[in-house]
Amino acid sequence: MKARNAALLLAPAALALTIFVILPLMWVVRTSFNHTVDGAYMVSAFTFENYTRFLGSGWYLVNTLWFSIRVAILTTAISVLLGYPVALYIAGTRGVQRNVLMTMVLSPLLIGLVTLVYGWIVIFRGGGLLNSLMIALRVYDEPVRYMWDLKGVVILLVYIGMPYIVLSLLDSIERINPSFVEAARNVGANRWRAFWSITFPLTMPGLYAGLVIVFTLNFSAFAVPLMVGATDTQMIGLVIYREALLNNDLPFASSLSVIMIAANATILLGMSFLFGKLILNRLEAKR
């Protein structure tokens, strides 16, 4: 009876997953083996030419796949470096202050992505807020180009990714017994040593969860590079969009989608193995 009730409860979610995820993904995989013909939509076939076209090209591997991985790693690392202090500070607040800070952290997720990007376009433009502020603070003398440039893409991806890092870390930080940090301070550890010895190891699960979310989003980013990046930006999500909608080459776009999913899954598996090793090593060292 319990198994039957559980199956009934899971049935709607399983049906939705099948219709909206599994079946479309199967269609993408099948389409990736089709053949593109000039003047035609596509021809049913079973060929690997779309995969060899990408994987056999050093230009695509360096300027699209490796470039997307580099941007995802950079933006995820910056999000972590900025997110840790914010999460640690919020964890020590209460009441109205905490509510205000949480609202500020969550604000990028409460606004539509297109609206959010257009707001940043106003900030990024030549005489916008960012350049005016930097010039007033004498950080630089002339306006810096953020629009249609990789700098703007990186800033926006970090801004959008930070809430996921902060929320993931905050959950882990609040599970730490405060007496652990107090004990480390009592035996002479400074704040930096207490962080590396106590807080960082115990927040690894939250850090891993945030890394998975942010890296996946940034690796496959499409709207931000399209609206803020240069016209020749070769992030893989944007290349898929161009091939599918501008060049009408669905088989090649589908093969790129499969490659993107496979590359992302491989990196996440490596990350999982690394974090698993680190956590296990920590547990063994405690014994």
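Helices (H or I, at least four residues) and strands (E, at least two) are taken here as DSSP runs, numbered from the N terminus. In these terms the chain has 13 helices and zero strands, and from the N terminus on its elements run α-α-α-α-α-α-α-α-α-α-α-α-α. The structure is a predicted model, in which local features need pLDDT of at least 70 and side-chain atom pairs count only at pLDDT 80 or more, while totals for chains, interfaces and linings use all residues. Residues are numbered from 1 along each chain as its sequence is written, and side-chain values use heavy atoms, with hydrogens and water left out.

Along its principal axes the C-alpha trace spans about 75 × 70 × 35 Å. The accessible surface, computed by the Shrake-Rupley method with a 1.4 Å probe, where for residues only the protein chains shown count as cover, comes to about 16,900 Å², and 69% of this belongs to carbon and sulfur atoms. Of the 287 residues, 40% are buried, where buried means under 20% relative accessible area, exposed over 50%, and partly exposed in between (1.4 Å probe, protein chains only).

In soluble globular proteins, nonpolar side chains tend to be buried together. A nonpolar core is defined as a set of buried Ala, Val, Leu, Ile, Met, Phe, Trp, Tyr and Cys residues joined through side-chain atoms within 4.5 Å. The largest such core holds 45 residues, of which F54, L65, Y84, I90, L169, L207 and F219 touch the most other members. Among the elements that give two or more residues to this core are α2 (49-55), α3 (58-91) and α13 (250-286), and the largest share, ten residues, comes from α13. Leaving aside neighbours within four places in sequence, F54 is in contact (heavy atoms within 4.5 Å) with Y60, L61, T64, L65, F252, L256 and I259. A second, separate core of 20 residues includes V117, L130, M147 and A221.

At the surface, L15, L17, I19, F20, V21, I22, L23 and M26 form a nonpolar patch with about 780 Å² of accessible area together. Within this group, I22 is placed in helix α1 (residues 2-31) and is partly exposed, with a relative accessible area of 37%.

Most residues other than glycine have a negative phi. W148, in the loop between α6 (129-136) and α7, has instead a positive phi near 55°, and at 44% relative accessibility this residue counts as partly exposed. N248, which lies in the loop between α12 and α13, likewise has a positive phi near 55° and is partly exposed, with a relative accessible area of 39%.

Technical notes. Patch = residues over 30% accessible without salt bridge, like charges linked within 9 Å, V, L, I, M, F, W, Y side chains within 5 Å. Salt bridge = Lys/Arg side-chain N within 4 Å of Asp/Glu carboxyl O.
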